[in-house]
Amino acid sequence: MSSSRSTSEEAEEYHTEYYVDAEDDNDEEDEHDPDYEDDAELDVDDMGLDLFEEEDEFHDAEEGNIQFLVQVADDDDDDDDEEAGEAAEGAETPDAGRVAVQQRLINLISMANPTSFLSSFAGETLTESLRIGRRTGLLSRRQVLDFLRRSNLGHLVLGEGDDEDDEEFAFGYRRRRRNMDPNRFPKVPSEKGRELMNSGTFGANEVQSPIGSKKKLARRILDRELGIGNRASRQINQGVMAQSMIPTSDAEMIINYDDNVYSGQFSDDGNFFFACVKDMKVRMYDTSNPYNWRHYKTVPFTFGAWTLTDASLSPDNKWLAYTSIQSNVCLAPTDPNDTGDPYMLSLSEHNRGGWRGGFGIFSIRFSGDGRELVAGTNAHSIVVYDIESRTVLHTIEGHDDDVNAVCFADKSSPHILYSGSDDATIKVWDRRSMGDGREAGAFVGHIEGLTYLDSKNDGRYLLSNGKDQSMKLWDLKMMYTTARFEELNPRQHTRYSEFDYRWGRFDDADWFAHPHDNSLVTFRGHKVLRTLIRCHFSPPGSTDSRYVYTGSHDGKVYVYNMDATIASVIDVKKTTTEGNPRNSAGGRGFYDGRGFPGWSTIVRDASWHPTAPFIAASSLNGWDNAMGTVTLHSYNEASLDEGEPRMGTGYDEKLRLVASMTSHQDSDEEDEDEDEDSDTDF
């Protein structure tokens, strides 16, 4: 198809001036905010031509799965290098050579393949190369640079260190923002959260005492054994004991996988744990003894796409439904004696599989009666499926963007359910009236997309995680009605966001309080980046429902009090770096020799055991997040370890002892013995 525009006009359309500008600490206007107008011309790379914003459904695209081939010639051999260097000298950058490398990488990734790039590099101009790359389509320049900044190449190409507080770089066009109130962030501690803590709904308050925490716990155990006090006081005593035993960073064991672990949860009775791994397999473990796990079954997802996205146990724990980025759901029996293949259920009304042919599923849940499945999809829809008849009951396009999370308000009831979307809203649905396709109500408050929803299972309180780096608590009594939601039009404040959590960092200068926020408490401190990180209420049995907790991009599990203060932080990255058998000298040499920063951890999911003080953290772990782990953390008063097996012992996916870990521990013990002998001699 020919174009009536001249070549110069076409080049002008695709050409946008590239620059890398370190932000000045005093320049508060060069930020992004969806409420304000642009003062500069829009870069076409940030418009509808952006492939990942329009078509890509892979929410959890890894930072390390794109390989770069960079050819850097001497200045005497390549005139293009001289031109790039001269252009860089004129720009406001600290390193002209680095800018030249950036331009080469942009050209490379924008091309269809490295071979065609290298063969035509000298003959193509930057504008022509970008135009060809846009037609074939991989990444825009802004996304490439954000990717490099977040990836293990960022500190080489962009000159960034490991410090998280390094100055941000501004890529592409820049949006002017008015001065924002520095006191706009939610107050901590939250007054509303403190009221909830004092109400008794979220655990009991401990009476202030001069006795130390360890002695208080011992005293409470003694009072319980002696039966001191009336029934009410004994119940309070038991609750306070439970909520005081928060697991620590020291891991009881580390289960190692050859691929990322995307989710892992205990059953409601604590007798079962499943781990969903990116290799399209679910591992099932018997955890009836939380100190002695037993692997008994592995079930596959045949012809899955990209990764396993979610899993849900039936109310009777007999069936596990798990999903990938396609419209099929696998239904596998949890009975160890049932070795048959999983059943495949199609949630597409047109029976078209695959995330291209139909849609991809990001979230799946059993109804309270176990008869139905509810799914959230990348087709902006909520799907209700009847298991017995194997038919789709409803497919409702209830959001303006991907539906990343669904859950029921009460596991014992199949009626009220929630859906959370990348359109930054939470919709409330009544199963009894879903036929008309209208929600029963809505929650508004996040300014970026949602990654997960969890219900307290009391039919009232809901928890959400968002890409605006915040977690929120909601009360069903405070939801907006459909009429009120449409009247407020809350999407007007969030629909123009440019933040991509897969590649970029979220700048707190971009955060603002949504003018129609109807949440109760906002929790901030953790990081929701690169993948759909999950959050949960702590269980009533082992914590007296005292806390909420979440995974984090920085390799930690954050445990919050209901008033938004941090109760504890479990450092998964530290314990896996120090105790993992794969953290060997050979591995370090391989990555350090290539300039990679080393071991990194993203805690994507965590599960608190319902009756014991244990948290199992599921992570993207290892060198460049290439592997995965499930770490089991327990309550420990001290770091001394006198039992067997030793704390931090490493196992493979089938819970077989990793030999290198044993030799590593023996070596450490020998070193300690030598140190003791040396001290004795002197």
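I call a residue buried when its relative accessible area is under 20%, exposed when over 50%, and partly exposed in between, with a 1.4 Å probe and protein chains only. Helices (H or I, at least four residues) and strands (E, at least two) are DSSP runs, numbered from the N terminus.

Ground rules. I'm working on a predicted model, where local features need pLDDT of at least 70 and side-chain atom pairs count only at pLDDT 80 or more, while totals for chains, interfaces and linings use all residues. Residues are numbered from 1 along each chain as its sequence is written, and side-chain values use heavy atoms, with hydrogens and water left out.

Helix 11. I looked up burial here and got N237, G239, V240, M241, A242 and Q243 as buried. Then I checked the length, with the expected span being 1.5 Å times one less than the number of residues. Helix 11 has 14 residues (231-244) and should therefore span 20 Å; the C-alpha atoms at its ends are 20 Å apart, so the two agree.

Helix 9. Which residues of helix 9 are buried? In this helix (residues 191-199) I find G193, L196 and M197. They sit on the same side of helix 9, because they cover an arc of only 100° around the axis (taken from the directions from the helix axis to the C-beta atoms). A reminder to myself: an α-helix has 3.6 residues a turn, so residues three or four places apart point the same way.

For the cover over these residues I used contact, meaning heavy atoms within 4.5 Å. It includes strand 21 (461-466), strand 22 (470-475), strand 24 (521-524) and strand 27 (556-561).

I also looked at both ends. At the start of helix 9, a side-chain oxygen of S190 comes to within 3.4 Å of the backbone nitrogen of K192. Just after the helix, G200 has a positive phi of about 90°.

Sheet 4-5-6-7. Two strands pair if DSSP finds at least two bridges between them. This open sheet has four strands in that order, paired antiparallel. Strand 4 (261-266) and strand 7 (294-300) are at the edges with a single partner strand each, so one side of each has no neighbour in the sheet. Strand 4 and strand 5 (residues 272-277) are antiparallel and joined by five bridges; G264 is opposite A275 of strand 5.

Strands 12 and 13. Strand 12 (residues 361-366) is mostly covered, with six of its six residues buried. Strand 13 (residues 372-377) runs antiparallel to strand 12, with five bridges, and I361 faces T377 across the pair. Their hairpin has five residues between the strands, and G370 takes a positive phi near 75°.

Key
A polar contact is a pair of N or O atoms within 3.5 Å; within protein, one must be able to donate a hydrogen and the other to accept it, and residues adjacent in sequence count only if both atoms are side-chain atoms.
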